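Please keep the sequence and the structure in view while reading.

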Amino acid sequence: MEISLHNQVAIVTGASSGIGSGIAKCLAAGAVVVVNHSSERSLEEAQAVLKEITDAGGNGITYQCDVSKEDQVVKMFQDVVSEFHTVDILINNAGIQKDAKFTEMTIDQWNAVIGVNLTGQFLCAREAIKEFLRRGIDPSRSKACGKIIHISSVHEIIPWAGHANYASSKGAIRMLMQTLAQEYGANKIRVNSICPGAIQTPINKDAWSTPEALGSLLTLIPYNRIGQPQDIGNLAAFLASDLADYITGTSIFVDGGMTTFESFSTGG
């Protein structure tokens, strides 16, 4: 079996680093990839990701867009469609953390995380589905009319003290994903979520940057290694391909077994 994304265009939000960059590089083996980044500060990182893609023979562009801003999201999709004629794949990956004890969490911390992690996924999915429906099914591209992959987290089902805004956003993504899969299944639009566990990225550096921290983290992971962005990218490429044509409305956990609750392995 060979995963093919030939002749397709993928937007990957938050693709300048971490999980997003891993996904962008995996999709670029066949698709034209839009490497989204949120600000001028992340432009250099986005350009570095794009260079890796083009050096490997792939094709794509960088695009600055804050996914929590409706006007910017609308313009991004308009510009991408103008340049590449359509969009086939959306990877809703952009996400942030603003951690605090619940009684100390500010409304700004709450709104910032919900704005990027949840509202951003809503806005991008809405614009993607509009484009999928406009274009319709093109068998030369894919059996599906379009594919959306939400990047969620193990924390869509595991509570996380000190991260109420983040966990709430991820739990809501599950319902957003399933609702879209239900609403647009008849249109042959496939919508799924990938739920990473501990992945070695800058957003969680404190959890793996020292031997002590990494050792503590591994007590939660039966497979006894920290995940890599490519682990998520490999699954994203499969879910975006026709090999996954009958998979929609589901969350797939890529976590080394974290959701088996390793801490209970000796009886709790």
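## The sheet

Seven strands make up an open sheet, arranged in the order S3-S2-S1-S4-S5-S6-S7 with parallel pairing. Strand S3 (59–64) and strand S7 (251–254) stand at the edges with a single partner strand each, so one side of each has no neighbour in the sheet. From one strand to the next, the twist averages 20°. Here two strands pair if DSSP finds at least two bridges between them, and strands (E, at least two residues) and helices (H or I, at least four) are DSSP runs numbered from the N terminus.

This is a predicted model, in which local features need pLDDT of at least 70 and side-chain atom pairs count only at pLDDT 80 or more, while totals for chains, interfaces and linings use all residues. Residues are numbered from 1 along each chain as its sequence is written, and side-chain values use heavy atoms, with hydrogens and water left out.

## Strand pairing around S4

Strand S1 (residues 9–12) is joined to S4 by three bridges, the two running parallel, and valine 12 stands opposite isoleucine 91 in S4. Four bridges join S4 to S5, again in parallel, with histidine 150 in S5 as the bridge partner of asparagine 92. S4 is covered on both faces, since Ile89 and Ile91 on one side and Leu90 and Asn92 on the other are all buried, where buried means under 20% relative accessible area, exposed over 50% and partly exposed in between (1.4 Å probe, protein chains only).

Elsewhere in the sheet, strand S2 (residues 32–37) runs parallel to S3 and is joined to it by six bridges, with valine 34 opposite isoleucine 61 in S3.

## Helices on the sheet

Helix H5 (residues 164–184) packs on the sheet and touches strand S5 (146–151), strand S6 (189–196) and S7, its direction making about 160° with that of S6. Helix H7 (residues 229–240) also packs on the sheet, touching strand S4 (89–92), S5, S6 and S7, and its direction makes about 165° with that of S6. Contact means heavy atoms within 4.5 Å, and angles run from 0 to 180 degrees between N-to-C directions, with axes fitted to C-alpha atoms, for helices over the stretch in contact.

Helix H1 (residues 18–27) and H7 pack at an angle of about 45°, with their axes 7 Å apart. That makes H1 oblique to H7, given that angles under 35 degrees count as roughly parallel, over 145 as roughly antiparallel, 65 to 115 as roughly perpendicular and the rest as oblique. Among the residues that meet are Gly18, Ile19 and Gly22 in H1, and Ile232, Gly233 and Ala236 in H7.

In helix H6 (residues 211–218), Ala213, Leu217 and Leu218 are buried. They cover an arc of only 135° around the axis, which puts them on the same side of H6; the arc is that of the directions from the helix axis to the C-beta atoms. Pro211 and Glu212, on the other side of H6, are exposed.

## Two residues with positive phi

Most residues other than glycine have a negative phi. Histidine 85, although not a glycine, has a positive phi of about 80°; histidine 85 lies in the loop between helix H3 (70–84) and S4, and counts as exposed at 61% relative accessibility. Phenylalanine 261 likewise has a positive phi, near 60°; phenylalanine 261 is placed in the segment after S7 and, at 39% relative accessibility, counts as partly exposed.
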